[in-house]
Amino acid sequence: MSESPGTAVSLDASKTTTDSLSTPLELPDVDTAPQRSEPLAAQRVLPLRRPGRWIATAVVLVVVAQIVHGLITNSFYQWDRFAYWFFRPTILDGLGITLEVTALSAVLGLLGGIVIALGRLSRSPVLRAVSWTYVWALRSIPLIVVLIFLYNFSALYKTLSVGVPFGPAFFSFDESRLATDMVVAVIGLSLNEAAYAAEVVRGGILSVDQGQHEAAAALGLPKGYQFRKIVLPQALRSITPNYVNQLIGLIKSTSLVFYVSLFDLFGAAQTMGSTYPGDIVPLLLVVTVWYLILTSIVSVVQFYVERYYARGATRSLPPTPLQKLRAGLSDLRTRIRREAAV
Amino acid sequence: MPTHMSRRSLTRGITAATAVATLATGLAACGGDSDAATTTDAAGTVTVGRLSNAAATETTLKVSEVKSIRAELPDAVKKSGKLVIGSGTLPSGSPPLGFVGSDQKTLTGSEPDLGRLVAAVFGLKPEERRSTWENLFIGLDSGKVDVAFSNVTDTEERKKKYEFASYRKDDLALEVKKDSAWNFDGDYENLAGRTVSVGNGTNQEKILLEWKAKLAKEGKKPLTVKYFQDTNSTYLALSSGKIDAYFGPNPNLAYHAAKTAGTPQATRIAGQFSGAGERLQGLIAATAKKDSGLAKPLADAINYLIKNGQYGKWLKAWNLSGEAVAESEVNPPGLPLDNS
Amino acid sequence: MTIETLESLETASAAVEVHDVHKWYGTHRVLNGIDLTVRPGEVTVIIGPSGSGKSTLLRVVNHLEKPEIGYVSVNGELIGLRRQGDRLKELSERAILTQRSRIGFVFQNFNLFPHLTVLDNVAAAPVATGKLGKAAAQELARELLERVGLADKATAYPRQLSGGQQQRVAIARALALRPGIILFDEPTSALDPELVGEVLAVIRDLARSGTTLVIVTHEIGFAREIADRVVFIDGGKIVEQGPPAEVLDKPQHERTRDFLSKVL
């Protein structure tokens with residue numbers, strides 16, 4: 001910063017940058033300022049010009065524009081067919097299956113994960129060993145194998161008799177009737193998901209400071225209360241981003257449910273691709289865009305959930321994207337005005 | 001130690017999870033999953049070639065139950081009142097043999113249609129089950145499916161576990177990009193130096209691998225075989241030039257070539273071949289678990305349909321008359337075991 | 001859950017009775033036969049070098065640490081144990097938690113719940129243990145915050161407060177259960193020097209109100225000012241105890257003199 005008269009000035013300027021957003025001041029020219037009788041400390045510093053950054057930005061914009069242009073004009077992508085397929089009932093039905101399977105597996109997987117994580121952290125060596133083995137096995141076995149195995153479960157067990165959970169052994173089911181494709185898909189994905197969720201939850205619980213456990217214990221808070229109100233809310237701060245990551249993986253894992261004869265979003269596109277073989281490419285694009293939309297929605301939800309669990313963890317909450325955009329715009333405006341003033 | 005969770009809270013967690021699982025079961029059980037494109041109505045008619053996306057001509061055929069053939073069925077099947085027909089065509093369908101029709105939700109195709117005709121002869125209600133190709137066979141093993149009508153080729157290898165009633169010739173074809181100058185001309189030597197894709201675990205794969213071995217032995221340029229997860233991926237590879245040709249069932253390839261005409265992915269058929277190698281005509285057969293006692297009644301039902309004309313009309317409706325057989329046989333000789 | 005009291009313990013009049021307590025961490029012996037009696041309303045200050053076992057002793061009193069040998073009773077009630085015939089049996093986790101709710105504990109690092117507001121930090125325990133309804137607990141919490149001079153911080157989160165303010169909230173949190181006795185584990189050690197005073201002022205206030213206090217601290221001056229009794233611990237043993245005028249000004253033992261010469 002050769003034009004900067006001294007460090008005292010730049011320090012002061014950095015401190016007051018935020019004020020300048022709301023109250024753009026009239027800017028003294030740095031070169032002429034010493035002639036005025038204004039004290040140095042009262043002056044604003046002109047930001048450093050960065051031409052390299054502008055050039056890089058321009059290059060990137062041109063490349064992006066070319067890619068977009070290519071996407072639009074290349075006949076290979078058949079955008080008219082894309083438009084035809086995007087809201088077709090068969091695609092939307094597939095989307096519905098994807099959402100249903102994902103939602104159920106995400107919830108069941110998380111609940112299962114919490115139970116297994118508690119098992120992993122339990123004092124009982126048996127519970128620890130069983131839960132460790134579960135995680136080890138389910139993370140090792142490919143999801144496809146889990147699905148195929150469950151789908152053909154009836155080859156191994158013709159009937160299931162159900163005891164305690166549904167009441168004292170009231171009946172036995174014909175397994176193949178109980179296990180509809182949807183049930184099989186949700187169970188398969190949940191079993192798989194629970195193994196990963198268990199590690200995420202366990203990591204979250206371990207990330208909570210030991211002092212928190214001690215403080216809760218010293219206050220004599222009941223065990224369940226300690227977990228639900230003290231440990232879990234703090235653990236969720238680190239669980240959330242990891243589990244959302246897991247969830248996005250899960251959304252895409254649902255494309256394997258055709259192994260249990262269920263048509264999710266991808267399956268629907270696949271099967272339409274063979275009936276209408278000329279439309280394979282636009283169908284794949286339809287699927288891609290839908291997955292992009294789903295992931296975006298999840299990311300937005302993640303942002304707000306994380307913000308919620310950040311209460312108290314930082315001195316002030318991070319700004320929302322809208323707040324950031326507003327701040328960025330007014331920042332830009334101030335800068336332009338400042339540059340223009342020179 | 002305060003760091004650990006008590007067993008009591010753990011048990012509570014498990015109970016809650018179980019409750020949710022129960023709820024989910026209850027919800028999902030409400031959805032039905034049977035949607036047959038064709039039904040046998042009270043008057044004894046079966047409509048074939050429905051919703052075919054122009055692959056077939058919709059035709060209504062008269063079929064009535066034949067008591068003597070029904071009597072041959074195993075008691076369990078008779079008692080269930082339905083014939084569970086397996087179609088191993090997931091995730092991408094296999095038009096015109098088995099695929100989702102032009103209403104974009106119903107299973108149609110020449111194979112399920114024949115299954116329905118056979119069910120009508122048996123006096124049973126047809127029930128479709130779609131699955132992946134692998135699950136089709138596991139489904140036969142586990143009893144989930146009674147009989148597969150899914151372009152299954154009769155081979156000696158498969159006879160170890162399954163029994164067959166043949167119903168159609170197995171003709172294979174090679175499909176290339178429309179602008180490709182290459183032709184098969186019935187001579188495998190033309191494949192030297194080419195890259196060809198084939199379905200994993202299929203009969204045509206065995207044939208292709210045999211050609212590959214022969215070419216290697218003769219010191220010709222090698223034939224490269226590539227596999228893809230499903231036919232859509234195969235066709236993407238074909239149109240992008242990653243493979244020179246796709247070797248598959250003739251009806252599928254003919255449908256694909258017809259449907260892509262005029263699109264950027266246009267293709268054509270570059271030659272045909274019998275599905276049982278050079279010495280034998282390959283046969284497509286209705287497939288049931290070995291010793292299930294279904295092959296005989298299946299063959300009798302198909303022969304009944306051949307004799308009474310419905311068989312010919314069915315093939316004609318699907319433009320497959322060229323693949324007609326004179327009669328259905330129980331466990332006819334298939335692609336030999338040593339053919340690999 | 002009934003907790004049997006030991007009428008045979010001659011210490012029914014004592015607020016805290018520590019009887020021959022031994023504690024090991026692995027092979028390292030932290031407490032080596034501690035006997036200590038704290039009378040009701042008394043302010044006891046425990047001093048000693050780092051690693052002498054003074055914090056462990058305090059944590060044994062509310063059973064955050066389990067002694068290998070010996071027992072502790074508070075107001076005549078065995079902590080973490082019950083007597084059945086001639087034998088001592090471990091108490092259920094739930095009963096121990098109930099016992100702890102009658103003993104206040106203030107940590108060196110405050111250990112406030114960062115995700116709860118200051119008010120909720122203070123009001124949580126009375127609600128969770130079923131002592132008070134939510135409204136009553138919040139009213140109590142406001143009173144206590146007023147008492148420690150932080151009424152205006154009720155809606156803030158702990159990390160928005162200074163260390164001294166956080167420790168005052170922690171004291172209010174301990175008071176919310178209306179304990180008969182409060183244990184302080186080096187309450188000012190994690191604070192910047194200029195924040196120590198405000199916390200000591202609150203403790204001084206408590207001492208005057210007649211609450212039984214046991215304080216582990218390095219603030220010798222403060223000990224001299226408020227302690228009824230000073231206990232010097234070294235090597236897991238009580239070396240010397242008595243009124244501050246004796247232990248701090250006329251120590252009898254070489255080790256006590258040595259320690260005091262280093263900290264004073």
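Start with residues 54-77 of chain A: this span is 83% helix and 0% strand, and its end C-alpha atoms sit 33 Å apart. UniProt, in an unreviewed entry, lists residues 54-77 as a "transmembrane region", along with 97-118, 130-149, 247-268 and 280-305 of chain A. Take residues 247-268 of chain A as another stop: here the span is 50% helix and 0% strand, with the end C-alpha atoms 21 Å apart.

Keep in mind that what you're looking at is a predicted model. For the complex, the predictor gives an ipTM of 0.89 and a pTM of 0.74. Chain A itself has a mean pLDDT of 81, and 81% of its residues reach 70 or more.

Now follow chain A to where it meets chain C. Here 19 residues of chain A are in contact with 23 residues of chain C. On the chain A side, α9 (210-218) and α10 (223-253) each supply at least two of the touching residues. The biggest giver is α9(A), with 6 residues. By type, the chain A residues on this side divide into 10 nonpolar, 5 polar and 4 charged.

Step across to chain C, and you'll find 9 helices and 12 strands. Chain C is as compact as a globular protein of its length, because its radius of gyration is 18 Å, close to the 18 Å that the globule rule gives for 264 residues. Its C-alpha trace spans about 50 × 50 × 35 Å along the principal axes, and 51% of its 264 residues count as buried. Look at contacts in chain C between residues at least 6 apart in sequence: 65% of them join residues at least 24 apart. As for confidence, chain C averages a pLDDT of 90, and 95% of its residues score at least 70. Residues 1-11 of chain C have a pLDDT below 50, with 21 contacts in the model beyond near neighbours in sequence.

For a closer look at chain C, pick out C:Val30, in strand β2 (residues 28-38). Why does C:Val30 count as buried? It has 24 C-beta neighbours inside 10 Å, and the cut-off for buried is 20 or more. Leaving aside residues up to four places away in sequence, C:Val30 touches C:Lys23, C:Trp24, C:Tyr25, C:Gly53, C:Thr56 and C:Gly236. The C-alpha atoms of C:Val30 and C:Leu57 are separated by 8.9 Å, though these residues are 27 apart along the chain.

Finish in chain B, with helix α9 (residues 250-260). This helix is mostly covered, with 9 of its 11 residues buried. Among the buried ones are B:Asn250, B:Leu253, B:Tyr255 and B:His256. And what do the buried residues of α9(B) pack against? Their partners in chain B are β9 (171-177), α8 (231-239), β12 (245-249) and β13 (267-274). After α9(B) comes B:Gly262, which has a positive phi, near 85°.

Methods. Residues numbered from 1 in each chain as written. Chains lettered and ligands numbered in written order. Predicted model: local features only at pLDDT ≥ 70, side-chain atom pairs only at ≥ 80, totals over all residues. Buried ≥ 20, exposed ≤ 12 C-beta atoms within 10 Å, placed from the backbone. Helix = DSSP H or I, 4+ residues; strand = E, 2+ residues; numbered from the N terminus. Contact = placed C-beta atoms within 7 Å. Rg over C-alpha atoms; globule rule 2.2 N^0.38 Å. UniProt positions renumbered as here; feature names shortened; annotations may be inferred. pLDDT = per-residue confidence, 0-100. Nonpolar A, V, L, I, M, F, W, Y, C, P; charged D, E, K, R; others polar.
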